[in-house]
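Biologist: I have a structure open and would like to learn how to read it. Could we go through it together, one feature at a time?

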Amino acid sequence: MEAEYSRTDRLLHHAALGSNFIAQASFDLEKALKKPVADVAGLQHVFISGLARAGTTVLMRVFHETGKFRSLTYRDMPFILMPGIWSGISRKFHDSGELKERAHGDNLLVSYDSPEAFDEVFWRVFCGKKFIKPDCLVPHKPDTEMVAQFRQYVGLVLSSSENPGEERYLSKNNNNILRLGTIRTAFPEALIIIPFRSPLQHAYSLMTQHARFNDEQSHDDFTRQYMSWLGHYEFGPGHRPFCFSSASQSRRPSYEPDTLNYWLLEWCETYEYLLVQASHGEIFLSYEFLCENPEQVLASLFSDAGLQEETASISIQLKASRSEIRNEIDPALQDRSDAIHAALLA
């Protein structure tokens, strides 16, 4: 990534994302000069959250393609917290940009207009010390004032849209599993989708991505910083697992991050926690079922989001990859993951 950014670009990212003071000041400036969309709390926004590698990006894209949602895109970088002002400043420099494969190496192409998981910057800047620990990420419950601030931020993102019809907010943020209650409090009508995959296949995908990012970032300081500025700790040298309780944290040293058991434990801890936390209409979505029945699944999801007429214009081709698992699996861990998977499917 470092080679793709000029020295000026890197300095700008350092200033906008690396300094909480500048980031907070940019948000204050946006609030002072821009007017957010009114009554944003009552709209049916869409939040997609779960472990990485569960199809979250594909889901975000099909919702974004309806033209009904405003999502943060690469054009909003690096001044994520002042989308309206930055849009006005950067418009004269807009470049259509060529499509490039994203860093995950999964054949998904991105451009400046591609939606991405950038709203975690808001939570990192204002609440990072409460949930980003030296060795893990923990659940947190922002106070009433911060919930109101997030509503205002979403309203400002919506008001910055340059495309007619983008009246609702779309977020794909895996770290939102740490604050599902807050999302529901802020937006009671929101549709929250939690994708998951078959545990061994999901764990294997996580493990291979971690190895890929470790290799790519080992000599790239800017990329490591960039990922931490965005609150992306899923993979690579800056990886920090989710720890949902003291018991969860104590189990982490049992396995090393280069083993499948480590990622299978991550899967178990995460979805076991979510089965308890998600009790207000959240939708658990099997990625395998989505791949096998894309039209049926999307029609159902769009209906839940009040987008019945959009299904005819959206088509996707998905294939659930199945890797041959040769790693040694802890039998107790596999039994635990099978039981959780069965509960998710139910």
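Biologist: Let's begin with helix packing. At what angle do the axes of helix H2 and helix H6 cross?

Modeller: The general idea is that two packed helices are described by the angle between their axes and the distance between the axes. Keep in mind that this is a predicted model. Here, the axes of H2 (residues 20-33) and H6 (residues 144-159) cross at roughly 65° and come within 11 Å. Angles of 65 to 115 degrees count as roughly perpendicular, and H2 and H6 are therefore roughly perpendicular to each other. Their crossing is left-handed.

Biologist: Which residues in H2 meet H6?

Modeller: On the H2 side you will find Phe27, Glu30 and Lys31, and they meet Gln149, Gln152, Tyr153 and Leu156 in H6. Sorted by class, this contact has three nonpolar, two polar and two charged residues.

Biologist: Now a second pair. How do helix H3 and helix H13 cross, left-handed or right-handed?

Modeller: H3 passes H13 in a right-handed crossing. The axes of H3 (residues 56-64) and H13 (residues 294-304) come within 12 Å, at an angle of roughly 60°. That makes H3 and H13 oblique to each other. Leu59, Val62 and Phe63 in H3 meet Leu298, Leu301 and Phe302 in H13. By class, the contact has six nonpolar residues, with no polar and no charged ones.

Biologist: Let's turn to the sheet. What is the order of its strands?

Modeller: In general, strands of a sheet pair through backbone hydrogen bonds, either parallel or antiparallel. In this model, five strands form an open sheet in the order S2-S5-S1-S6-S7, and the pairing is parallel. S2 and S7 stand at the edges with a single partner strand each, so one side of each is left without a neighbour in the sheet.

Biologist: How do the helices we just met sit relative to this sheet?

Modeller: H3 lies across S1, S2, S5, S6 and S7, and it runs at about 165° to S5. H13 also packs on the sheet, where it touches S6 and S7, and its direction makes about 165° with that of S7.

Biologist: How many bridges pair strand S1 with S5?

Modeller: Three bridges pair S1 (residues 46-48) with S5, in the parallel sense. To find your place, look for Val46, whose bridge partner in S5 is Leu170, and for Ile48, which stands opposite Lys172. S2 (residues 69-70) is joined to S5 by two bridges, again running parallel. There, Arg70 stands opposite Tyr169.

Biologist: Are the residues of S5 buried or exposed?

Modeller: As a rule, in a regular strand the side chains alternate between the two faces of the sheet. For S5 (residues 168-172), five of its five residues are buried. Arg168, Leu170 and Lys172 lie on one side and Tyr169 and Ser171 on the other, and both faces are covered.

Key. Residues numbered from 1 in each chain as written. Predicted model: local features only at pLDDT ≥ 70, side-chain atom pairs only at ≥ 80, totals over all residues. Heavy atoms only, no water. Axes fitted to C-alpha atoms, helices over the stretch in contact; angles between N-to-C directions. Helix = DSSP H or I, 4+ residues; strand = E, 2+ residues; numbered from the N terminus. Parallel < 35°, antiparallel > 145°, perpendicular 65-115°, else oblique. Left-handed = near helix turned anticlockwise from the far one by under 90°. Contact = heavy atoms within 4.5 Å. Nonpolar A, V, L, I, M, F, W, Y, C, P; charged D, E, K, R; others polar. Buried < 20%, exposed > 50% of the residue type's maximum accessible area, 1.4 Å probe, protein only. Pairing = 2+ DSSP bridges.
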